[in-house]
Structure formats: C-alpha cells, structure tokens
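Subject: Structure handover

Hi,

Here is the structure for you to look at. Please open it first, then read my notes below.

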Amino acid sequence: MSTPLHVVGVGNALVDVISAQDDAFVVTHGIEKGSMTLIDTERAEALYRAMGPGIEASGGSAANTMAGLASLGGRGGFIGRVADDVLGQIFAHDITALGVEFPVAPARGGLPTGRCLIVVTPDAERSMSTYLGESNALSAADVDESLVERAAVTYLEGYLVDGSTATEAFAKAAAVAHRADRKVAVTLSDSFCVDRFRDVFREMVREDADIVFANADEITALFETDDVDDAIREASVSCEVVAVTRGAAGCTIASSAGAIHIPAVPVDRVVDTTGAGDLFAAGFLFGLTSGRDLETCGRLGAMAAAEVIGHVGARPETSLAQLVAPLLG
C-alpha cells in the first residue's frame, strides 16, 4: 500500500520572480499595491523587463504550503499544471526535490508555464502581478484520485477560482476526499479573488470545506462585513475549523469548542510578507494531521510564518522542523 500523506495541495504551479523596488516603481507601472492582479502575456513580458534583476524561485500559494510542510517533516503531494518548457522543468524539479509528489505530466502545445512577478517595497508589502499561463488550464482530469485518497487533508488554493475549469477540479478533489473520509481545507487566498467570485467562495465554504484559512481582509470580504469576529462566526456555522491570520495581532482559531487567540511570533525585522499565509497553513496543517490540538497548530503556523517574513522569498530558508522542535517536545 502506498505511503499515506499529510496533505495534498491543489493550486497554481508558478515560478515567482521577486524584486525589491520603491513605491515610485509601483505607481509608475500601475501596480495595485498589496494585492494580486492577473495580467496577460504582453503585460507579463513588459513588467518582467522593467523589474530588472530579481530572485527566481518556484512558487504558487499551495505549492509554497507544500514546501513548508516538507520542511516540517510532513509528507505532501501537489496537483497543478506546468508547460513542457524551461520554467515548467524548474518547477517540477524544485517541488520533487523537496520530497513532494507531483504526478501531473507537463502540457505540450498550450500556454507557457505561469509566473508571478512580485514587487517588494521598503515597508515589506508585496504586490503581485500574476500571469497564470498553463496553470489556469487545471481541470478535473488532472486530479489524481489515488493521491487525494492517500492524504489526510486536501488543500484547495483560492487563487485557482479564477480558472475557468478549476472549480470542476476542486469539486472532484473535494468529493474524492470526502468519499475517502478525509478532510478538505480551502484558503481564500486574496480579497481581490473573493470580491470577484464571492458566490463561488461562499458555496465552497458552505459545501466543501471542513477547514478554512483566510486573513482578516479576506474573511470580511467573504461575508461583506467590517467585523472580523462576526465573519469568523459566520464561517464557523459551516466549517469545523476556521483559521484567520491578523498580521501583527496574531491569529484566531475558531471551532465548536470556541475561539482561541494566538499572538504573532516576534521577528527582528519584517523583510517580505510573501508567503506568510501559505506558511501559516503549512504549520497549522502539519500540526493538525499529526494529531496536535488547535492551539499548538496555530502556534506552529505562527512560527512558520515568522520564519518566512524574515527574508525575501516565499519558502523557508531554514529547517522548520528544527525551528519548531522545542514546541513539539
């Protein structure tokens, strides 16, 4: 029998290009600061040229979560589409080198592999211009049922809701997971996405999700309220666990047992917030699928997020397993 997995992620397979720029660059190039904007091929090429030198690394929200899970010692899988091109080869190499299973064959004759152009300003805010490319073609046919059945949790990346066939992939993955008596987690990903596809997200939260991840802006956008706690209570009606990050104020974990507030882990200097939510989910899900209580799960998430915001890039630079060892005993 194949080895069980802690988590399988379903999401965009992207290569991140990260560049430090000042606020004037953001204004000059019409970038929406602090959010994610989808761009076409022409815009992607022009912005890439303007950014100049940067750090290039495999990315994508759910893929970053799987990288964090692997760094914690967890076993993960990933479902996403890349093209049969150089960036696609880089992505596949990077994620499998971490020990994450990636069974989807590269596509030929379609769009190029997607990439996310990330501008980091001096306040550590990240502004993302995303060219989805081939990742946007993910469909139900790409969902490996045996992979989903082996995972304690299937983790669905909200950014993919922009894909025309992605909701079919989500529905299939969620159905397979629940038939196998597994859990489904959904991350809202970005308030930009929530505002555009609020009805789709509400249905996912109501019908598919056992666990929901969001930040304060995303959860309030979902329920069209200014009160974070009210939004958390609303989500808790349908979901077993709701985990909401609140920046420097820490996070709130809600379940049938009530709400727990967990403070943020202090960092010497916030360098780049890219991937903070992704790594929080990695720590939380590692704890949950390892049988830890919700408070410990939240603390694991906070520790993983603190590591990633202390440097440029959305994946850990140090062993998260060593970092959290004192907490786990």
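A search of the whole structure finds seven aromatic pairs. Rings of Phe, Tyr and Trp (its six-membered ring) pair if their centres lie within 6.5 Å; planes under 30 degrees apart count as stacked, over 60 as edge-to-face and the rest as tilted.

This is a predicted model, where local features need pLDDT of at least 70, side-chain atom pairs need 80 or more, and totals for chains, interfaces and linings use all residues. Residues are numbered from 1 along each chain as its sequence is written, and side-chain values use heavy atoms, without hydrogens and water.

Take Phe213 and Phe280. Their ring centres are 6.4 Å apart and their planes stand at 80°, so the pair is edge-to-face. Phe213 lies in strand S10 (residues 211-215) and Phe280 in helix H11, so the pair ties together parts 67 residues apart in sequence. Helices (H or I, at least four residues) and strands (E, at least two) are DSSP runs, numbered from the N terminus. Both Phe213 and Phe280 are buried (under 20% relative accessible area, with a 1.4 Å probe and protein chains only; exposed is over 50%, partly exposed in between). Ring pairs also link Tyr155, Phe213, Phe280 and Phe284 into a cluster.

Now the helices. The axes of H3 (residues 61-71) and H11 (residues 276-289) come within 8 Å and cross at roughly 45°. Axes are lines fitted to C-alpha atoms, for helices over the stretch in contact, and angles run from 0 to 180 degrees between N-to-C directions. Contact (heavy atoms within 4.5 Å) involves residues including Asn64 and Leu69 of H3 and Leu279 and Phe286 of H11.

Best wishes
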